[in-house]
Every structure is written in C-alpha cells, then in structure tokens.
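Q: Hi! Could you walk me through the contacts in this one?
A: Happy to; here it is.

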Number of protein chains: 2
Amino acid sequence: MNEQMTVTLSGGKTTKVSYLEDLTELSSMLGFYGNRALIVADSNTANLFKRMPPNNIILEPGESSKTLSSVEKILRTAVQEGLGRDDYIIGFGGGVVCDLAAFSASIYMRGCKLVLVPTSLLCMVDATIGGKAGFDFMGGKNLIGSFYPAEDVLICPATLKSLNEREYHNGLAEVLKHAVLSKDEILYKFLISRKSQILERDPKTLLSLLQLSLEVKKTYIEQDPEEKLGIRQALNLGHTFGHALESSGRFSKFSHGEGVAWGCACALDAGYYMGLTPKTYVEAAKKLFATYKYNIDYKIGRGDWLDFINFILKDKKKVNGIVQFVIMKGQGNYVLTPVPNDILMRVVLSNPNII
Amino acid sequence: MNEQMTVTLSGGKTTKVSYLEDLTELSSMLGFYGNRALIVADSNTANLFKRMPPNNIILEPGESSKTLSSVEKILRTAVQEGLGRDDYIIGFGGGVVCDLAAFSASIYMRGCKLVLVPTSLLCMVDATIGGKAGFDFMGGKNLIGSFYPAEDVLICPATLKSLNEREYHNGLAEVLKHAVLSKDEILYKFLISRKSQILERDPKTLLSLLQLSLEVKKTYIEQDPEEKLGIRQALNLGHTFGHALESSGRFSKFSHGEGVAWGCACALDAGYYMGLTPKTYVEAAKKLFATYKYNIDYKIGRGDWLDFINFILKDKKKVNGIVQFVIMKGQGNYVLTPVPNDILMRVVLSNPNII
C-alpha cells in the first residue's frame with residue numbers, strides 16, 4: 001500500500017489517500033478492523049468479495065437508496081452491533097454508499113470513525129475527498145448532509161475493471177471538469193494525449209489520471225474546506241445545470257456524469273452569452289467533452305422547462321436567495337454569479353423563442 | 001440587549017450569548033429575521049407569544065418528541081418554506097426543541113444558520129452552549145447528533161418565571177454540577193449563601209447564577225470543543241448514571257436534572273469506594289445536592305438492575321469499548337475511568353448482596 005496524498009480540511013482534520021494493488025490487499029485491510037467496524041456496501045460491491053466481513057449492511061444499488069431511511073437502517077445496525085464512537089463505519093461502494101456511510105458516521109454518537117473505499121471512478125475522483133456527506137430529500141439531491149472527512153480513503157483501481165462503460169464515463173466527466181478548473185493545462189493535455197489508454201483503462205494511466213485529478217480537487221478544497229469563501233464552490237462547475245437535468249429526469253435518464261458534462265457545456269455557453277467566457281476557450285473546453293463522447297448538445301423540450309427551472313431554484317448554492325452559477329473566464333479562472341433567465345433558456349432549450 | 005459572553009468552539013466558530021430583558025424585546029428580535037427564518041417551538045413555548053412569527057413548526061412538548069421523525073418534520077418544513085443555507089433555523093424552547101433545531105440546522109443543506117432561544121433553566125445552562133445537537137434513538141439518549149454551535153444564544157430570564165418547580169430543579173442540578181467542576185469555590189459558595197433568592201427566582205440573582213454557571217461550562221468547552229481531549233467529558237459528571245436512570249424509567253420517572261443530581265452522588269460514592277475521592281469532599285458535595293432537595297439516596301431495586309446496566313453499557317462515552325465515568329478527586333479535579341461492576345452495584349442497588 002502506498003500513501004499518495006494527504007488532504008487537510010477544516011479544524012486541521014486530514015484524509016489520507018492510499019492506493020491498493022488488488023482486492024486481496026483490500027480484503028485483508030478491511031479484515032483488520034474486525035468487529036470494531038460496520039461495513040456499508042451495496043449488493044454489487046458486496047459481490048466483489050468472496051466473503052464479506054461479519055458486521056455489514058448491504059443496500060440496494062442506485063440513487064433510489066440515497067434516502068433518510070437508508071441512513072436510519074445504517075444507524076440501527078450500528079446500535080445493534082454495539083459500535084462505539086471510537087469504532088469505524090466503512091463505506092465500500094460508489095457515491096451513494098460512500099455518502100450514506102459518511103453521513104451516518106458523522107452523526108452516530110456525534111461522529112464515529114470513517115473509512116471510505118470508493119469502487120467507482122466517480123466516487124474516487126469526487127465523493128470521497130473533501131468530506132461531503134448526505135442524502136437526497138424531497139427531490140433535492142444531497143439536500144441534507146454534513147461535512148465529515150474520512151480518516152482514510154483506500155483506492156483500489158482494480159475495482160474499476162468491472163465498471164460498465166456508462167459508469168466509467170460517469171466518473172470521467174468529473175475528471176474533465178477538473179481539467180477545466182486546473183490552474184495549469186497538465187490534466188487537460190493528459191486527457192487529450194492519453195485518450196486511448198484512458199478509455200482502455202490501462203492501470204498505470206489510470207493511476208496518473210486519478211492523481212492529477214485529485215490534486216486539482218485538493219487545491220480547491222484545502223483553501224475553503226467548508227465551502228464558505230467562494231473557492232470550493234468552483235468545484236460545482238456544471239452541477240447546477242447537471243443536477244437539475246438529473247432531477248427533472250428523476251435521477252434516471254441522465255447519469256450524474258452525463259449531467260455534469262452537459263452542465264459544464266451549458267455554463268460555458270452561458271458565460272459566453274454573458275460576455276464573460278472567451279469564445280476560443282468555450283470551444284476548446286467543449287471540444288474536450290465532445291471528444292469523450294458526452295452529449296453536450298442535448299436540449300430540453302418545452303414540457304420539461306418548468307420542472308427544470310424549479311430544480312434550478314431548489315439548488316443549495318444560493319446567496320440571498322439567488323442561485324449562483326460557476327462561470328469560467330478562462331482556464332482555472334472562474335466567477336460565481338447569477339445567470340439571467342433569458343440566458344438560461346437560451347442555453348438549455350431546443351427552441352427558446354416559443355416559450 | 002447586553003452581550004455578556006462569547007464562547008469559541010472548534011474551527012474558531014463563536015457563539016454570542018446575549019441577555020434580553022423581557023418577552024417584548026425577544027419578540028421584536030425574532031421578528032427581525034422575517035421569512036428568512038423557520039422557528040421551531042413546542043406548544044408550551046409557542047404560547048409565550050401572542051402571535052408566533054409566520055414560518056414556524058410547533059412540536060409536542062416533552063422528550064418523546066426528540067426523535068428522528070421530528071427532525072424529518074423540521075427539514076420538510078424548511079424545504080417547503082424555501083429556506084436557503086444562509087437562512088436561519090431558530091430553536092425557541094427547552095432542551096428538546098433546541099437540540100432538535102440545532103441538529104436540523106446542522107444538516108440542512110450541510111448546515112444553515114442557527115439561533116437558540118432557551119426557555120428553560122436546564123437549556124440555558126446546559127444545552128445551548130457548546131454545540132451539542134441531536135435526538136434519542138433506539139432507547140439511547142442523544143445517541144445520534146452533531147456538534148453545531150449556534151451563532152447567537154438569546155437568554156431571556158423572564159421566561160423562567162413560568163417554569164414549574166420540578167422543571168426549575170431540572171436545570172438547577174446542572175448548576176450544582178458546575179459548582180463541583182469549577183476550579184474555584186465561587187459558584188459553590190454562591191449556591192449556599194443565596195439559596196433563598198435562587199429558589200425565589202429573584203431576577204438579579206438568576207442573572208449572576210447563569211453567568212457564573214456558564215463561565216464554568218465555557219472553560220471546559222473551549223479547551224476541548226469536540227470532546228476529544230478528555231476535558232469536555234468532565235461535564236458528563238453524573239450523566240452516565242443519570243441517563244441510565246432516566247432511560248430505565250423510559251424518560252418519565254426521573255427528570256434529567258433529578259437523574260444528574262443522583263448520578264453526581266453516585267459518582268462521588270463510586271470515587272470514594274475506588275479510593276479516589278476524599279470522604280470530606282464526598283460529604284460536602286453531596287450535602288449541596290441534598291440542600292437543594294434532590295433525592296440522592298434513591299436506590300434501584302433488583303428487578304431494574306439488568307435494564308439499568310444495559311443502559312450504562314450503551315453509553316456513548318466509551319474508550320475501547322469500556323464505559324468511562326467522570327470521578328472527582330476533589331473540587332474541579334476529575335479523572336475519567338471505568339468503574340468496576342461490584343462498585344456500580346454497591347452505589348446504585350438497595351441491596352447489592354442479594355443479586
């Protein structure tokens with residue numbers, strides 16, 4: 001096992017990110033905690049092991065499990081297993097599992113120990129670093145939650161082998177987003193030059209990709225761990241559009257990554273119409289998403305507009321009641337700003353004039 | 001309004017404690033937030049106002065409301081009222097209301113703003129300072145929760161006038177506990193010399209009592225905001241015994257304060273039997289509780305022992321699975337230690353020999 005990165009969050013809390021070679025190493029790591037841990041998995045990730053460690057709770061896979069009742073189930077099991085506040089909740093799965101495990105750990109006895117083992121690319125580059133935990137509520141994604149960094153994040157790229165193509169692209173979108181947000185062009189160029197190895201999931205290339213991507217995320221998070229200074233918010237690039245698209249499709253038609261990729265393109269277009277984003281930059285960045293085959297030209301029909309705008313208005317990222325969007329002024333250079341309604345229509349609707 | 005004290009908690013967050021003269025001043029303070037706030041009250045505290053501010057949720061009074069479903073109700077209302085993360089949840093009531101409001105605020109959009117207006121003595125001296133928030137779960141008191149300090153705590157001693165005698169004593173027990181934990185004897189001597197004014201609830205005396213008591217709490221909390229250094233834990237003096245007594249009575253037979261007073265006496269006795277607490281100190285401290293008419297000689301019958309010890313074992317304050325008690329070595333001088341089972345029986349059972 002190699003420790004590769006330490007991320008320092010609010011109150012000086014740190015998350016150690018380590019890389020594990022294979023599932024055998026991972027399995028023995030988890031066994032180490034014995035009955036001082038409760039492992040939260042879903043029925044897909046539980047299948048990665050021949051035998052799950054004894055204290056475990058296995059959820060149904062998918063976003064529909066990301067509910068208060070799953071949290072209640074985890075807490076109930078923790079009480080039944082006699083977990084103390086010095087014991088561990090271990091999330092072993094994708095974003096849903098890791099966010100639920102982290103949120104449950106954050107409130108169990110006012111906070112027990114937390115280890116996250118992300119098994120999807122999305123979760124590796126997004127959910128596990130930075131301490132965001134939570135669940136969906138009344139149709140709002142991650143509407144309820146907390147900040148609770150894991151002590152340890154164990155990344156085993158071997159688990160990515162079994163992801164289907166759509167799941168893999170679900171995570172790649174966040175990597176592309178990081179390439180846009182990076183102060184330099186290293187990740188952007190890596191994504192262009194190593195495209196075929198990335199799509200083939202070559203182990204060494206994946207490791208570099210994960211490292212480059214997480215370094216970008218780390219710089220934003222460490223400067224503003226609790227998203228209060230207008231810096232960490234930049235990581236929400238594409239997410240206000242994307243979440244609304246996911247939500248108006250009731251979390252099923254579009255994956256998170258597809259929504260984010262589309263949302264990044266919308267934000268770039270909106271920035272252009274607002275006179276903030278240079279045309280050359282809009283084109284270069286959108287091309288990156290198109291190269292990786294994201295459907296960034298998707299438009300919303302009239303019938304979905306009301307639903308869509310309602311989800312936009314429910315967004316958490318409000319200042320004085322006004323939703324703030326992340327708009328790019330160039331590579332790694334962003335601004336948080338409201339977007340006028342006519343520009344929103346212009347970028348998301350197939351025929352904005354007939355509304 | 002006079003700001004009297006600022007408590008600094010983890011991450012440099014501060015709580016300002018202010019004192020308000022009367023309900024009119026309080027009412028206009030709350031009105032100030034307008035529809036940017038959701039007020040959480042119970043049907044008793046709601047009656048203190050002629051008219052409650054518009055966005056409010058009124059819970060059933062009492063410990064039986066301190067549940068996950070009340071939290072869900074508050075969160076649901078917050079979403080329906082369109083509260084953003086820069087808006088306020090205001091707890092207006094006793095410990096149950098304030099703990100629920102604070103916990104809900106801590107997880108609503110990963111944390112919105114929080115103001116607490118304690119209306120009981122217990123809540124003024126205990127629940128509102130220090131950021132503990134939570135609810136009861138599977139029979140365990142405050143088993144689920146978070147640390148989330150209020151921005152503002154507004155104390156209006158006028159609300160104490162309407163408390164019944166038992167409720168008032170419920171809070172006084174925590175003041176007496178602070179007298180034992182204080183490094184000096186000022187509060188202890190104040191409680192002895194001003195007993196009649198305290199029991200008559202003389203406004204000026206009450207103000208001094210609140211200030212002296214909160215200063216003791218502040219010193220413990222500021223040194224160890226998240227209860228991780230073995231310092232803040234001292235404030236749990238009497239609570240492991242007390243919570244178990246409350247819980248085994250299903251939260252009804254004994255009030256929190258009655259449990260804590262009894263628990264302090266048990267802890268003093270246990271310390272004596274363990275050779276840690278000097279006999280003279282045990283006697284002086286127990287006398288303080290007896291003077292204020294707490295039933296510190298109460299003993300548990302055989303039939304309740306198993307229930308009682310099960311609640312002790314469920315306590316959150318475990319290290320490596322072993323419950324830690326706060327045991328006094330003298331005035332303001334404590335140690336955290338397990339208590340042997342035979343000594344537990346000796347201090348709580350009416351007839352320990354026949355088990």
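A: What follows is a chat about the domains and the chain interface.

Q: Ground rules before we start?
A: This is a predicted model, so to speak of local features pLDDT must be at least 70, side-chain atom pairs count only at pLDDT 80 or more, and totals for chains, interfaces and linings use all residues. Residues are numbered from 1 along each chain as its sequence is written, chains are lettered from A and ligands numbered from 1 in the order in which they are written, and side-chain values use heavy atoms, with hydrogens and water left out.

Q: How is chain A divided?
A: Into domain 1 (4–161) and domain 2 (211–354), with bounds from an automatic or database domain assignment. Their C-alpha centres are 27 Å apart.

Q: And how many residues of the two domains are in contact?
A: In chain A, 25 residues of domain 1 touch 21 residues of domain 2, where contact means heavy atoms within 4.5 Å.

Q: What area do those domains bury between them?
A: About 2000 Å², with 58% of it on carbon and sulfur atoms. Buried area here is the accessible area (1.4 Å probe) that two parts lose on being put together, summed over both. On the domain 1 side, Met5(A), Lys141(A) and Phe147(A) lose the most area to domain 2, together 26% of what that side buries.

Q: How many salt bridges between the domains?
A: Three, a salt bridge being a side-chain nitrogen of Lys or Arg within 4 Å of a carboxyl oxygen of Asp or Glu. Separately, Lys132(A) forms a salt bridge with Glu227(A), and their closest N and O atoms are 2.7 Å apart.

Q: What kinds of residues does domain 1 bring to that contact?
A: The side of domain 1 of chain A that touches domain 2 has 13 nonpolar, seven polar and five charged residues. Ala, Val, Leu, Ile, Met, Phe, Trp, Tyr, Cys and Pro count as nonpolar, Asp, Glu, Lys and Arg as charged, and the others, Gly among them, as polar.

Q: Switching topic: how many residues does each chain give to the A–B contact?
A: Chain A gives 35 residues and chain B gives 34. The area buried between chain A and chain B is about 3300 Å², and carbon and sulfur atoms give 62% of it.

Q: Which residue of chain A meets Arg85(B) in a salt bridge?
A: Glu227(A), at 3.2 Å from N to O. The count between chain A and chain B is four salt bridges.
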